[in-house]
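New page in the notebook. I want to get my bearings in a fold that I have not looked at before.

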Amino acid sequence: MGRTRILILGGTTEARHLAEALASRADLDVVLSLAGRTVEPAPQPVPVRSGGFGGAEGLARYLKDEVIDLLVDATHPFAARISANAAEAADLCGISAFALRRPAWLPVEGDRWRSVQGVSKAIAALGPTPLRVFLVIGRQEAHQANAAPIHHYWVRSVDPVDVPLTVPSVTYIHAKGPFRLEDELAMLQQHHIDVIVTKNSGGSATYAKIEAARQLGIEVIMIERAPAADMLAVETVEAALHHIDHLAPSLMKRGV
């Protein structure tokens with residue numbers, strides 16, 4: 001009897017941890033797919049495929065060609081297009097699929113959040129008065145700050161912003177989480193930040209800035225997630241492993 005073949009769509013800490021947990025299992029053959037957007041991705045515990053698939057049809061073709069039995073969407077909570085393609089491709093191929101999606105952050109007492117839908121609305125929400133803005137939305141959408149050039153921006157991303165912003169005042173910070181609370185507090189105070197613009201990514205690696213903002217009374221413009229793709233979702237690596245074990249008997253029968 002052949003091994004169950006699993007494709008994990010990754011790029012997140014959870015995807016890496018899931019791959020680590022599955023790597024040594026003799027009954028599974030796991031491949032991790034990365035979009036290829038990070039310049040120097042961390043080493044991974046299983047074979048890696050890098051780059052896009054060419055939409056839902058391209059992914060479906062890959063799933064068929066590679067005889068994948070199970071698709072796990074463990075991409076970033078804001079990778080809505082990839083998640084939609086994953087759901088469609090699994091449906092086209094008639095294979096099992098589920099999402100591993102960490103829960104969103106929820107405001108607690110002391111938080112000053114303004115929730116918006118989308119980066120452009122977040123930039124517009126900064127208003128007409130010049131502010132000192134900590135922009136933490138990833139490098140691909142940072143250019144949207146060009147629409148509000150009156151503000152002073154501190155832009156943090158893992159890799160450099162591809163096309164530098166055209167705003168008069170911008171400082172780039174290249175760093176990768178996890179971030180410590182004391183470092184975030186020091187950074188926000190050092191630059192006299194008035195407001196943070198961020199995405200509701202969830203997880204612990206980048207939560208320290210939210211905690212720091214709460215302690216310092218800084219407003220957070222929180223970009224909320226779009227509705228998730230129509231796919232069963234679990235919130236933890238442990239739940240994902242349990243679900244894989246639950247599916248395993250039917251997956252093995254399919255692969256006979």
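Terms before anything else: I count two strands as paired if DSSP finds at least two bridges between them. Helices (H or I, at least four residues) and strands (E, at least two) are DSSP runs, numbered from the N terminus. I am looking at a predicted model, where local features need pLDDT of at least 70, side-chain atom pairs count only at pLDDT 80 or more, and totals for chains, interfaces and linings use all residues. Residues are numbered from 1 along each chain as its sequence is written, and side-chain values use heavy atoms, with hydrogens and water left out.

Entry 1, a sheet. I traced an open sheet of six strands, and the order reads β3-β2-β1-β4-β5-β12, with parallel pairing. Its edges are β3 (48-50) and β12 (233-234); each has a single partner strand, so one side of each lacks a neighbour in the sheet. Inside the sheet I checked β1 (residues 4-9) against β4 (residues 70-73): they run parallel and four bridges join them. L9 has D73 in β4 as its bridge partner.

Axes are lines fitted to C-alpha atoms, for helices over the stretch in contact, and angles run from 0 to 180 degrees between N-to-C directions. I found helix α1 (residues 13-23) lying across β1, β2 (28-34), β4 and β5 (96-100), at about 160° to β1. Helix α3 (residues 80-93) packs on the sheet too, touching β1, β4 and β5, and its direction makes about 165° with that of β4.

Five bridges join β8 (residues 152-157) to β9, and the two run parallel. V155 sits opposite Y172 in β9.

Is V136 buried or exposed? V136, in strand β7, is buried, with a relative accessible area of 15%. (Buried is under 20%, exposed over 50%, partly exposed in between, with a 1.4 Å probe and protein chains only.) Leaving aside neighbours within four places in sequence, I listed V136's contacts as R156, I196, V197, T198, K199 and K209. V136 and K209 are 73 residues apart in sequence, yet 9.6 Å apart in space, C-alpha to C-alpha.

Terms used. Contact means heavy atoms within 4.5 Å.
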